[in-house]
Structures are given as structure tokens and as C-alpha cells.
Amino acid sequence: MARIGYLRAKRKQEIEEFESKAKIDKTFVDLTNEVGFTRGETLKLMLERIEARDTLVIRSLIDVANDVLGLRSFIATLKELDVDLVILSANEPNILTDQGYEALCFIDDFLKNKAMSQTSMQSKIGRRSEPYPPNFLEVYEEYRRPEKENRISGLEAAKKLSVSYNKFRELIKLFELRF
């Protein structure tokens, strides 16, 4: 049950300040370049060596991940190993609670799905087309009104949408399609 510290640092002073605040048995440090980038090799080594019931002390979540996926993976590893996490930065939420981790997973999945959707849209050849004209729903409701006397015809609906009658019929079939 060791108390281990990890940080990304550019200067010796940062390491010394961290060690004095964290009160740790061993420190793992990834040295960064001038913009704070590191390959995270020491972080990987620390995660290989950390044991169950150890305590990991970090300055901030920014030190352990570059994106949401990395943060999710890091926290999953700590939960798997039953490692306690202490974050010295007081203004960061405790993400290791079950609710915090679930929220993080949701955000990660959301970002992945959004990225896949955008990639799919960008990979389609040709001009992007919207599936329905902007006023389609209002015109559709007029076309499908329950009272026959207030209903508009298919030709009137197509004219309001500025599409051909055949295109209007295709839109209706697509819109009413059930899976």
C-alpha cells in the first residue's frame, strides 16, 4: 500500500513542489517540452508497476490524459486495480465516483459517435443534400390532416415545398417508413 505520485513537469522546481505537497513514497515524472507535451512513457511504466490498494497522487487530471478517451482508460485502469486517486487541484471534481465515471463514459461515447457521424458525412461524394426541405413537417401535417376539408393535395404540398410531385411522394414514403 504505497503512496505514489505522478506528474508532468518542465522544471525541477515543479517536481520539488509536488513532492512536498503530495507526501509520497515514489515519484514518477514525465518531462514535457515547452508546450507541455510528453509521450507519457513514465505514466505507462507507473501504471504497470502500481499495485492494488496503492494510492496515486496527481496534481491534476490534465497530467494523466490528453483527451476524454485517455482519461476514461486511465480511470478504468485505476478502478480495475482498486487504486485510490488523490487529486491535489481542489477545483477538479472527483471523477472516480461511480456517477462521475458513468458521466465520463457517456461523454466519451458521445464524442466517438459524433466523430464517426462527421467522418461519414465528409466521406460521401458529391454535394450534401438535406433529407427534407426546411418546411417539410408543416406541409406534411397539412397534407395528412384528419379533416378532409382542411387537407391539401399532394400537388399543392409539392408546390409549397418547391419539389416535383414524384419527389414529394418519395419524401412521404421515406418519412413514414417504419422499421
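Predicted model: local features only at pLDDT ≥ 70, side-chain atom pairs only at ≥ 80, totals over all residues.
How many aromatic pairs does the count come to? The answer is seven aromatic pairs.

## Stacked rings along two helices

Let's start in helix H4 (residues 98-123), where phenylalanine 106 and phenylalanine 110 sit four residues apart, about one turn of the helix. Their ring centres are 6.4 Å apart and their planes meet at 25°, so the pair is stacked. Phenylalanine 106 is exposed at 58% relative accessibility, while phenylalanine 110 is partly exposed at 47%.

The rings of phenylalanine 136 and tyrosine 140 have centres 5.9 Å apart and planes at 25°, so this pair is stacked too. Both residues belong to helix H5 (residues 136-143), four residues apart, or about one helical turn. Here phenylalanine 136 is buried, with a relative accessible area of 3%, and tyrosine 140 is buried as well, at 15%.

## A cluster and a charge over a ring

Phe136 and Tyr140 also take part in one aromatic cluster, together with Tyr132 and Phe175.

Elsewhere, a charge meets a ring: the charged end of lysine 26 sits over the ring of phenylalanine 28, 5.0 Å from its centre.

## Positive phi in two loops

Two loop residues are worth a look. Lysine 23, found in the loop between helix H1 (12-22) and strand E2 (26-31), has a positive phi near 50° although it is not a glycine. Lysine 23 counts as exposed, at 61% relative accessibility.

Aspartate 82, in the loop between helix H3 (68-81) and strand E4 (84-87), is another non-glycine residue with a positive phi, about 60°. Its relative accessibility is 40%, so aspartate 82 counts as partly exposed.

Key:
Residues numbered from 1 in each chain as written. Heavy atoms only, no water. Buried < 20%, exposed > 50% of the residue type's maximum accessible area, 1.4 Å probe, protein only. Phe/Tyr/Trp six-rings, centres within 6.5 Å; stacked < 30°, edge-to-face > 60°. Lys NZ or Arg CZ within 6 Å of the ring centre and 35° of its normal.
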